[in-house]
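Subject: Structure for you to look at

Hello,

Here is the structure I promised to pass on. Please open it and keep it beside this message while you read.

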Amino acid sequence: METPNISIEFFPPKTPEGADKLRVARQKLAELNPKYFSVTFGAGGSTQHGTLSTVLEILAEGHDAAPHLSCVGGTRESIRAILQEFKEKGIRRLVALRGDLPSGYGGAGELRYASDLVEFIRQETGDWFHIEVAAYPEMHPQAKSPQDDLQAFVRKVQAGANAAITQYFYNPDAYFQFVDNAHKLGVDVPIVAGIMPITNYTQLMRFSDMCGAEIPRWIRLKLASFGDDSASIKAFGLDVVSGLCEKLLAGGAPGLHFYSMNQAAATTAIWQRIIGA
């Protein structure tokens with residue numbers, strides 16, 4: 001099998017200790033030769049500075065890096081300033097998102113949707129940035145219907161996105177159905193599968209409730225049956241997620257985007273299992 005394309009996501013560390021831990025994890029993950037690393041952006045831009053400094057550190061280490069940029073709560077002027085700074089720093093890749101409203105926050109901002117943000121980035125910067133957008137095989141939790149959600153995705157691509165990264169999922173059929181439906185509506189950009197390693201049952205349940213990712217019943221029951229046996233949870237998680245990745249790649253997924261949670265071990269183990277290392 002040809003070595004598949006992968007990318008790996010981090011969140012900006014909040015403490016100096018977190019930054020040190022991330023450097024160690026990043027060094028290990030860089031050995032997997034990812035196409036790029038992405039760095040998330042907090043609600044309402046709460047970690048904007050941490051995002052940029054982490055991205056610049058990754059670029060200085062000789063790897064490609066993409067900051068996440070959300071439009072929620074922002075103005076055209078504030079987003080223009082961020083884009084200008086990214087350009088000046090030599091950043092060429094972006095993950096453009098609507099983003100979540102922080103609690104107690106008022107309006108959505110001048111650009112309401114990710115498609116508006118993508119359109120604005122293209123108007124301001126032409127083809128400077130390679131733009132990734134989000135896709136939701138199991139539907140965005142705030143969408144009215146799967147059809148509405150798919151149309152919103154198509155609008156982002158029509159606005160100028162180069163590629164998409166999906167929310168994580170554990171049902172490969174949901175991904176393949178979504179890709180087929182998008183292709184039928186004229187989408188021809190790569191739709192990369194988002195992968196969440198399974199290492200902690202309660203954390204996984206919490207994340208999945210927040211983002212609307214479905215955990216199939218058989219996986220939930222099996223994880224619950226392990227109780228506090230973290231070694232069994234990790235071993236089972238490795239089997240499940242590696243199998244998912246193999247099905248996705250065999251079915252034509254153009255790449256995998258790992259939600260690393262700033263840890264190296266689980267993503268590395270999955271990768272080694274996939275490529276038979």
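Below are my notes on some strands, a helix and a pocket. Bear in mind that this is a predicted model.

**Strand S8 and its partners**

Start with strand S8, residues 256-259. Both of its faces are covered. Leu256 and Phe258 are buried on one side. His257 and Tyr259 are buried on the other. S8 pairs with strand S1, and the two run parallel, joined by 4 bridges. Look for Ile6, which stands opposite Leu256 in S8. Strand S7, residues 191-195, also runs parallel to S8, with 3 bridges between them. Here Ile195 has Phe258 as its bridge partner.

**Strands S3 and S4**

Now move to strand S4, residues 93-97. It is mostly covered, with 4 of its 5 residues buried. Strand S3, residues 65-70, runs parallel to S4, and 3 bridges join them.

Is Ser70 buried or exposed? Ser70 is part of S3. Its relative accessible area is 9%. Buried means under 20%, so Ser70 counts as buried. Ser70 stands opposite Leu97 in S4. Setting aside neighbours within four places in sequence, Ser70 touches Phe41, Leu97, Arg98, Gly99 and Leu117.

**Helix H10**

Next comes helix H10, residues 265-274. Its buried residues are Thr267, Thr268, Ile270, Trp271 and Ile274. Seen down the helix axis, these residues fall within an arc of 165°, so they line one face of H10. What do they pack against? The partners are strand S1 (6-10), helix H1 (16-30), helix H9 (230-250) and strand S8. After H10 comes Gly276, which has a positive phi, near 70°.

**The second largest pocket**

Last, find the second largest pocket, which holds about 240 Å³ of space. It is lined by 15 residues. Those closest to its centre are Thr199, Gln203, Ser260, Met261 and Gln263. Which elements give two or more residues to the lining? They are helix H7 (201-211) and helix H10. H7 gives the largest share, 3 residues. By class, the lining has 9 nonpolar, 5 polar and 1 charged residues.

Best wishes

How values were computed. Residues numbered from 1 in each chain as written. Predicted model: local features only at pLDDT ≥ 70, side-chain atom pairs only at ≥ 80, totals over all residues. Heavy atoms only, no water. 1 Å grid on protein atoms, 1.4 Å probe; cavity = no way out; pocket = protein on both sides within 12 Å on 5 of 7 lines; lining within 4 Å. Points joined across faces, edges and corners; volume = space filled by probe spheres on them. Nonpolar A, V, L, I, M, F, W, Y, C, P; charged D, E, K, R; others polar. Buried < 20%, exposed > 50% of the residue type's maximum accessible area, 1.4 Å probe, protein only. Arc of directions from axis to C-beta. Contact = heavy atoms within 4.5 Å. Pairing = 2+ DSSP bridges.
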